[in-house]
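Colleague: I'd like to learn how to read a model like this one. Could you walk me through it, one feature at a time?

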Amino acid sequence: MTVNLNKGQGISLEKKDGGVLSAVRMGLGWQAAPRRGLFGSRTREIDLDASAVLFADKQPVDVVFFRHLVSDDGSVRHTGDNLVGGAGQGGDDESVLVDLQRVPVHIDQIVFTVNSFTGQTFQEVQNAFCRLVDETNGQELARYTLDGGGQYTAQIMAKVHRADGGWRMTALGTPANGRTFQDLMPSILPLL
Amino acid sequence: MTAELVRGQNQALPWTRLEIGVEADRALALGAVLVGEAGHALGGAEGIALPGVPPPPGLAAPGPPAPTHRLAVDLGALPSAATRLDLFLALPDGPGAPARFGALAAPRVLLLGPGGEKAAGFAVTGLAEETTVVAVELYRRNGAWKIRAVGQGYQGGVPALLTDRGIDPETARRLAAVAQAHPVAPLPPAPRPDPEPVPAGPATPSGGRVDYTHPGRRPTAPAGRHPYATPAPAAPAPPTAPAAPVAGDASGWSMEERLHNQVWGMFEDLARTVAAYRGAVEFAEDRRERELDAVLDDPRGRTGQGAAAARAAASERYETLVARAQEALDRDLAQLAGESQVVEPALSPALAGWESPVWHAYRPPEQPPLSVRLGDLGLPEAPELRIPMLVRLPLERGLWIDAGRLSDGEGESRPAGLRALAAGSAALHATRLLAVHPPGGLTVHLLDPAGSGAAAFAGLRNAGLLAPAPPAGAAGVAEVLERLTRRVDLVHMAVRGGARDALPPGLDTAEQLLVVHDFPHGFDDRAVTRLRYLADEGPAVGVHLLLVADRDDAAGYGPLLDPLWRGLLRITPLPDRHLADPWVHHLWTFTPPCVPRGSAVLETVVGATARARRPGR
C-alpha cells in the first residue's frame, strides 16, 4: 500500500509486523524531454539529480551525490547519475540507497533533495516523482509527485530521521532553487 | 564430564598414560610424530609412529587404516628431548577412498584416560582439500603435558606433513606409502542413510548420534564446506542476524576472481566501518567541546551546581555516543573477522600468506594468477584483523621497497638493519612472483652492481631461478638495461604495427622482472634515464621493476627522480603506516610478508619452482 504524502506529513518507518526497516531507497524518476524535428539530438536534455545530505546535530557531515557516490561510511549509496531521464512510466532513473542499520550512530538526519542540473523548472518536467521504497521487499512506502512544482529548480523532498530508537520519514516538499545540493543548504537548515 | 575442545583450545593432561581415540565414518590412517625443540621429527624417521613400523618409545604402533582407532601413549616414557607429539589422520590409498577430507563427515578425536574414561573430544570440522590433518598435539609446557586441538592439514598429504617436520622428501614418500597402505577393502561405500550412525566403541558423550557440528560455529555454516564450491544461496535470515560468511561470496567468473573481489570488498568494508567509527567519535568530541564552551560562555552559570551538572551531562552524552559507536564497530569487526577466518584458508598460493598450508602443497601453476599478495593491511582500530593486500598481475606499476626510512604515521624513523631487511623482502617478493607464474612465465634479472644483495638472493641464484648474472659494476647495469630497453622498444613497435609475429626469434617472450638492488649505485645518468624509460613504458609490455632503494642515496639527482618514486608502489620491509585506501584515505599499516620461523616452506617452494623450470620437463 502506497501512501501519497502531502507536504509536512510524517510516517514512521516501522513495518506493520513491528519490525524495523533495515534498508530504504529513494528513487527519482522523470520523463526525458521529447525529441523534436530532424535534429533530435539537439533537444535540451533534462538532467535531474538526487542527493542525500547526512546531518549530525544539524551540521552537514557527509553528502552523497553524483560526484561522491558512496558516503565515507558506506551506508548511503547513489547508483549513478542519469543525465536524460527515462520513459516517465514510474521507473526510477536515479536511486539513493540507505542501509539504515549501518548509518553511523552520530548521523541523526538524512535529507533527500532533487535538483535540476540543466536548469529546467519542474513546470517543464513531465511525470517527475520521488518515492521511498523498502529495499528488502521492493514495497513502496511513500510517493511524492513533482509535477506542477512551479517555477522552481530544486525541491527538498524528505528527511529520514532518528526517533525512538528507529527511523521516521517526514515528507518536506519544500521548493527551492539551485543547481546542486550546495545551493540548497540555506533552505535545508531551517527544516532540520 | 567430557570437555568439547574447539580448534586451538588446549587443556592440561592429568595423567601420563592415556589413549587417543579416533572415530570416523570412513577408514582413516592414524600416525604420530615426535617433535623436538627445533620443530623437527625427533631422530628423523625414528620419531614417527606408523602402522607396521616399530614405534618410538612411549607410543604404541597405530593399527592399519580403520574407522576407529585407539592409540596408547605413555608420556612418561617419551624421550626427554620430545617437546611435542603430533597425531595426524590421513586418507588411505586404494580404490573407493575419498580424495579429500572435505568429502567425509568430520572425524572425531577423543582423549581417553588410563581407565578408558573420556576426558575430552574434538570434532575436526571445516576441512576441505586436505588429505592429511594434524588432529591434536600433545605438548610439554613447563614440564607438564597438555593437549591442544589443532585440526589443520596439508593438501600435499603425509609427505608434505613429514617434510615440514624435517624429514627428507624421499623418506617422507616411503613412510607415507606405509601409513596409507590399505590392507582391506574400503568400508562403508556411501554415507549411511541410517540416522543413528553410532560408531563402534564407547558411546558418544551425549549417548545419541554423533554431533558433527563445530561447537563454536553458528548453525548456518555448513560443516566441511568445499572452499572451491559455488557458494550456496544464503538462507534468508532476519536482518539482525547476518548470515555466516562464506569464502568466495562475491561476483566473478572464477573462484579466484571471486576471492579477489571478496578480499577487496572486505578491505572496503573495513575502511568504511572505521570511517563511521572515527566520524562518530570526532563528532562526539566536537559536541562535548561546544557544550563545555557554552557553559563557560555563560558568566552566570560558570560556577556552581548548574555548571557542574552541565559539564557532567556533556561528558555523559559523549560517553554514550562513543559507546554506541564502539558497539557498531565491534559488530562490524566481528563480522569481518568471521569472514577473514573462512576466506584465508580458501586462498590459493598467490593470495595466501607464507604461513598458509597451501604453500606446503605447492605445485607450479599452469596459468599466471589474477593477482598476488604483497602483504597485509591493518588499522589500529582492528589490530587483530589483517586484510590481504592484493595487486593485479601483470603489475601495472613497479614496486619500490624502501631501504631508507619508515614513515610511521607522523614522523619518520630509520631503523638499523633496514637495508638488509629490504634485500630479504625483495628476494621474498621475487620468490613469490616466480612461484606463482608458470614455469618459464617470468624471468627475473637481478641488478646488484655492488654485490650487497648477494646473500639475500643466494637461494634464488643457486637454484638457477635468476637470469645469468651480468658483469659486476656499471658495465653490467648498462648491459642489462640496454637489453631490456631494446625488448620494450621492439615489443612496443610490434604491438603498434600490429605485427606481433614479426618479433625476432631470440626474444624472450616471458614477463620480465628487473630487480635493482641498491639503486642508484652503479647507475650513471644514461642508466637512470633508461631505468625511468623501463618504469614508464615497461609494464604495458611485460617488463616490471622491483627497486630496492634509499631515496636519500639518490638525493644528488634533486627533484628529477621524484616522478620515478611517485610512479612506483612504495612498500616497506617492516610494518609501516603509509598506504592509503582509495575510498576514505585512511593511513593503513602495511605488514610485509614473512616466512614463519623455522619453516622450510621457502626452500620447498624454491626447489619445486626450480625443478619445474629445468629443461627437459
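**Reading the model**

Modeller: Let's start with a crossing: helix 5 of chain B passes helix 10 of chain B in a left-handed way. Helices (H or I, at least four residues) and strands (E, at least two) are DSSP runs, numbered from the N terminus. Keep in mind that this is a predicted model, where local features need pLDDT of at least 70, side-chain atom pairs count only at pLDDT 80 or more, and totals for chains, interfaces and linings use all residues. Residues are numbered from 1 along each chain as its sequence is written, while chains are lettered from A and ligands numbered from 1 in the order in which they are written.

Colleague: At what angle do helix 5 and helix 10 of chain B pack?

Modeller: Two packed helices are described by the angle between their axes and the distance between the axes. Axes are lines fitted to C-alpha atoms, for helices over the stretch in contact, and angles run from 0 to 180 degrees between N-to-C directions. Here helix 5 (residues 418-436) and helix 10 (residues 601-613) of chain B pack at about 45 degrees, their axes 10 Å apart. So helix 5 of chain B is oblique to helix 10 of chain B; under 35 degrees counts as roughly parallel, over 145 as roughly antiparallel, 65 to 115 as roughly perpendicular and the rest as oblique.

Colleague: Which residues in helix 5 of chain B meet helix 10 of chain B?

Modeller: Thr431(B), Leu434(B) and Ala435(B) do, against Leu602(B), Val605(B), Val606(B) and Thr609(B) in helix 10 of chain B. Contact here means C-beta atoms, placed from the backbone, within 7 Å. By class, that's five nonpolar, two polar and no charged residues (Ala, Val, Leu, Ile, Met, Phe, Trp, Tyr, Cys and Pro are nonpolar; Asp, Glu, Lys and Arg charged; the others, Gly among them, polar).

Colleague: Is Ile20(B) buried or exposed?

Modeller: A residue is buried if 20 or more other C-beta atoms lie within 10 Å of its own, exposed if 12 or fewer, and partly exposed in between, with C-beta atoms placed from the backbone. Ile20(B) counts as buried because it has 23 C-beta neighbours inside 10 Å. You'll find Ile20(B) in strand 3 (residues 17-35) of chain B. Leaving out residues up to four places away in sequence, Ile20(B) touches Leu71(B), Val73(B), Leu87(B), Val109(B) and Leu111(B). Val109(B) is 89 residues from Ile20(B) along the chain, yet their C-alpha atoms are 7.1 Å apart.

Colleague: Which residues touch the most other members of the largest nonpolar core?

Modeller: In soluble globular proteins, nonpolar side chains tend to be buried together. A nonpolar core is a set of buried Ala, Val, Leu, Ile, Met, Phe, Trp, Tyr and Cys residues joined through C-beta atoms within 7 Å. The largest one here has 197 residues, and those touching the most other members are Ala52(A), Ala135(B), Ala426(B), Ala430(B), Val515(B) and Val548(B). Helix 3 (residues 255-297) of chain B gives the most to this core, 14 residues. Among the residues that Ala52(A) touches are Met26(A), Val64(A) and Phe112(A).

Colleague: How many residues of chain B are in contact with chain A?

Modeller: 15, and they meet eleven residues of chain A. Helix 3 and helix 4 (305-343) of chain B each supply at least two residues of that side, with the largest share, nine, coming from helix 3 of chain B. That side of chain B divides into ten nonpolar, one polar and four charged residues.

How values were computed
Contact = placed C-beta atoms within 7 Å. Left-handed = near helix turned anticlockwise from the far one by under 90°.
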